[in-house]
2 protein chains.
Amino acid sequence: MLTPTDVLISEVGPRDGLQSVKATMATADKFRWIDALAASGLREIEVCSFVPAHLMPQMADAAEVVRHALSRPGVTVAALVPNLRGAEAALRAGAHKLTIPVSASHAHSLANVRKTPDEMVEVVRAVARLRDALAPGVQIEAGISTAFGCTLQGVVPEDEVIRLSVACVAAGADESGLSDTTGMANPAQTRRLFQRLQAELGHQAGAAHMHNTRGLGLANCLAAYDVGVRIFDASLGGLGGCPHAPGASGNVVSEDLVFMFEAMGVRTGVDLEKLIAARACLMAGLPGEPLYGMTPEAGLPLGWKQGAAPV
Amino acid sequence: MLTPTDVLISEVGPRDGLQSVKATMATADKFRWIDALAASGLREIEVCSFVPAHLMPQMADAAEVVRHALSRPGVTVAALVPNLRGAEAALRAGAHKLTIPVSASHAHSLANVRKTPDEMVEVVRAVARLRDALAPGVQIEAGISTAFGCTLQGVVPEDEVIRLSVACVAAGADESGLSDTTGMANPAQTRRLFQRLQAELGHQAGAAHMHNTRGLGLANCLAAYDVGVRIFDASLGGLGGCPHAPGASGNVVSEDLVFMFEAMGVRTGVDLEKLIAARACLMAGLPGEPLYGMTPEAGLPLGWKQGAAPV
């Protein structure tokens, strides 16, 4: 499973996807879906959020899901934690990686976590201290959300995005990534922001988490790849969005993203046929939920051989 | 309408789109749709194919459609012509531009036009002679189809694509463009092929005609733009495909392509709100036909101002 790869696809469907739909997937279905994702060769899966069950019943089984995912060899098990309490639960469950959402939009930050962006930097600091005490090997990623624009406040200043990214690393995060929570990013902006992020943070510049709200998801991932980004969040079937950013639908589709990279000769380590097969588990666990994805619909091209393309 | 622009979006829906659907749009509906497309600022529209009506009844009114489109100021009226007879009819109707499909796949060429690729180069030569005699100002574009792969024969050698592109220009075409008829292109291949095309043909290197079959349409357009391509075919609502290439569905969606470029600060000359409004005419003329397009579904972002983005 741990063959050399050129990019890391971080699957966020079980977290970002499931928290965006109304239905609650049964725990056993989550297990089967995560197993299928892991079997496709994905090496990082964000499996849940540690949030109060009365606010998000879809995530009530978070600890159980983490413990199950830990049984999959070679998979980094990530969990989203919006606060210190969630972080403690995630660390105690054994998660390998914590993602803390830090919104660059003041309005979105208040709507999403009822804290200002700078108050969230203090959350990062507190979580990093707890991590140091409880489980020093665990990675912390700050996910700078609404980094490309906000459906509540409109433009988000790029200086503010970069300032928060740097502040989170200074507060103890191992890396800061940028999220197009609202699907407002374009390729020129994506290149510009990730170049600035890399200039400030070097190897601590994190993932590109792009959405396909306006169809630009893959173009933005290509733009990020062009300037050196090598970690990409994506969601099987494009499931996901943000409940507190109206109209923010649709993560980048994992299947289409893997197809793009593999067709280019960029190795993902993910077996595309097995990844497409994992849709059956997702659909079984969320009957009737519409999925995105052009590659699964069209099928693989005649003569497709994964990894055969020249770089 | 003729403001300075950075790229030319060539709308192919009334030709590529309508020949791919079973229904026949009424002539009056075609007029209204073309008027709405022209009103959005599109400066080139491929309005029909000149093909025998018994083979493609959707195109029986081709001459009438060309004559109507000629009444729209500032619009280059293009027509697809697969042979000399079609070219003569298009020239007599007054088309400004003829597109001749030349497939780089031997198998697809025979299935599509019952001629080999080299026989199609001779068609280009004959059409160019006719053009010189009848209407010397008319442009001829060779559209090299299946340039990125073929659903019938699989791999299409890049050398063959370039050889045919050059042969068509030598035979009298003003430019040769490359078509991803089957939706098999990837961004690395797109860059490589257009760079070779430009090296061989210079300013006679033509449009990128990409499909969105596997979701990579915009990423491939971005890749082509990056290496200097400035003419892009696209189709309102992504309508289109190729009846002789199984599974080849979905042109690049004009609305999403214009959104991408305008968001990047690349001027298209197309008013995105008016372009989205043109979908109503398309839907009225083809009731029940499914359309693609993420931007129309999501709406324009908060604070969107066309042309306001930095380059």
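Okay, so let's start with two helices in chain B: α7, residues 158–170, and α8 pack at an angle of about 35°, with their axes 10 Å apart. Keep in mind that this is a predicted model. As for handedness, α7(B) passes α8(B) in a right-handed crossing.

Who's actually touching whom here? On the α7(B) side, the contact is made by B:Glu158, B:Val161, B:Ile162, B:Ser165, B:Val166 and B:Val169. From α8(B) you've got B:Leu193, B:Arg196, B:Leu197, B:Glu200 and B:Leu201. Sort the residues of that contact by type and you get seven nonpolar, three charged and one polar.

Now, α8(B) turns up again when we look across to the other chain. How many residues of chain B are in contact with chain A? There are 34, and they meet 34 residues of chain A. On the chain B side, α8 (187–201), α9 (217–226), α10 (254–264) and α12 (294–298) each supply at least two residues. Which helix gives the most? That's α10(B), with five residues. By type, this side of chain B has 18 nonpolar residues, 14 polar ones and two charged ones.

Last stop, the core. The largest nonpolar core has 199 residues, and the ones with the most contacts inside it are A:Ala79, A:Val124, B:Ala79 and B:Val124. Let's zoom in on B:Ala79.

Key: Residues numbered from 1 in each chain as written. Chains lettered and ligands numbered in written order. Predicted model: local features only at pLDDT ≥ 70, side-chain atom pairs only at ≥ 80, totals over all residues. Contact = placed C-beta atoms within 7 Å. Helix = DSSP H or I, 4+ residues; strand = E, 2+ residues; numbered from the N terminus. Nonpolar A, V, L, I, M, F, W, Y, C, P; charged D, E, K, R; others polar. Axes fitted to C-alpha atoms, helices over the stretch in contact; angles between N-to-C directions. Left-handed = near helix turned anticlockwise from the far one by under 90°. Core = buried A, V, L, I, M, F, W, Y, C linked by C-beta atoms within 7 Å. Buried ≥ 20, exposed ≤ 12 C-beta atoms within 10 Å, placed from the backbone.
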